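Let's take a friendly walk through a protein model, one stop at a time. Keep the picture handy as you read.

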Amino acid sequence: MCDYTQVEYCCQHFRFVVQRWCSMYERTNKVCAPNVTHLEIRHDELCSDCRPRSPPPWEHMIRRSKRTAPYV
């Protein structure tokens, strides 16, 4: 079984992060049942789904078309 860390966020969401793939996964690339070995609590962070989106610092350098319809 693959070893995972369960990470809990202040927004009540949680994620499973792999620590070590088992030998069966390394041979077959088929995910087996998770074996949670550690719990990490991040009550001062939001998960990536809840975190506010901010444009990258280089956004002002990108020239974008004024067209609103997507390319077909």
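Aspartate 3 sits in strand E1; helices (H or I, at least four residues) and strands (E, at least two) are DSSP runs, numbered from the N terminus. Keep in mind that this is a predicted model, where local features need pLDDT of at least 70, side-chain atom pairs count only at pLDDT 80 or more, and totals for chains, interfaces and linings use all residues. Residues are numbered from 1 along each chain as its sequence is written, and side-chain values use heavy atoms, with hydrogens and water left out.

Is aspartate 3 buried or exposed? With a relative accessible area of 15%, aspartate 3 is buried (buried means under 20% relative accessible area, exposed over 50%, partly exposed in between, using a 1.4 Å probe and protein chains only). Not counting residues up to four places away in sequence, aspartate 3 touches Val17, Val18, Gln19, Arg20, Asn35 and Thr37; contact here means heavy atoms within 4.5 Å.

One of those neighbours, arginine 20, forms a salt bridge with aspartate 3 through their side chains (3.4 Å, N to O). This pair links distant parts of the chain, since arginine 20 belongs to strand E2 (residues 14–20) and aspartate 3 to strand E1, 17 residues apart. Arginine 20 itself is partly exposed, at 45% relative accessible area.

Another of them joins the side chains of arginine 15 and aspartate 49 (2.8 Å, N to O). Arginine 15 is in strand E2 and aspartate 49 in the segment after E3, so this pair ties together parts 34 residues apart in sequence. Arginine 15 is partly exposed at 27%, while aspartate 49 is exposed at 54%.

Then there's arginine 42 with glutamate 45, whose side chains meet in a salt bridge (3.8 Å, N to O). Salt bridges that share partners join Glu40, Arg42 and Glu45 into one network.

## Threonine 5

Back in strand E1 (residues 2–9) you'll find threonine 5. Threonine 5 counts as buried because its relative accessibility is 10%. Leaving aside neighbours within four places in sequence, the contacts of threonine 5 include Arg15, Phe16 and His38.

## A nonpolar patch

Which residues make the nonpolar surface patch of about 270 Å²? They are Phe14, Phe16 and Val36. Patches are made of residues with over 30% relative accessible area and no salt bridge, with like charges joined within 9 Å and nonpolar side chains (Val, Leu, Ile, Met, Phe, Trp, Tyr) within 5 Å. The areas come from the Shrake-Rupley method with a 1.4 Å probe, and for residues only the protein chains shown count as cover. Valine 36 lies in strand E3 (residues 34–42) and is partly exposed at 40%.

Most residues other than glycine have a negative phi. Glutamine 12, though not a glycine, has a positive phi of about 75°. Glutamine 12 is in the loop between E1 and E2 and is exposed, at 65%.

Asparagine 29 also has a positive phi, near 60°. Asparagine 29 is in the loop between helix H1 (23–28) and E3, and is exposed at 56%.

Definitions and conventions:
Salt bridge = Lys/Arg side-chain N within 4 Å of Asp/Glu carboxyl O.
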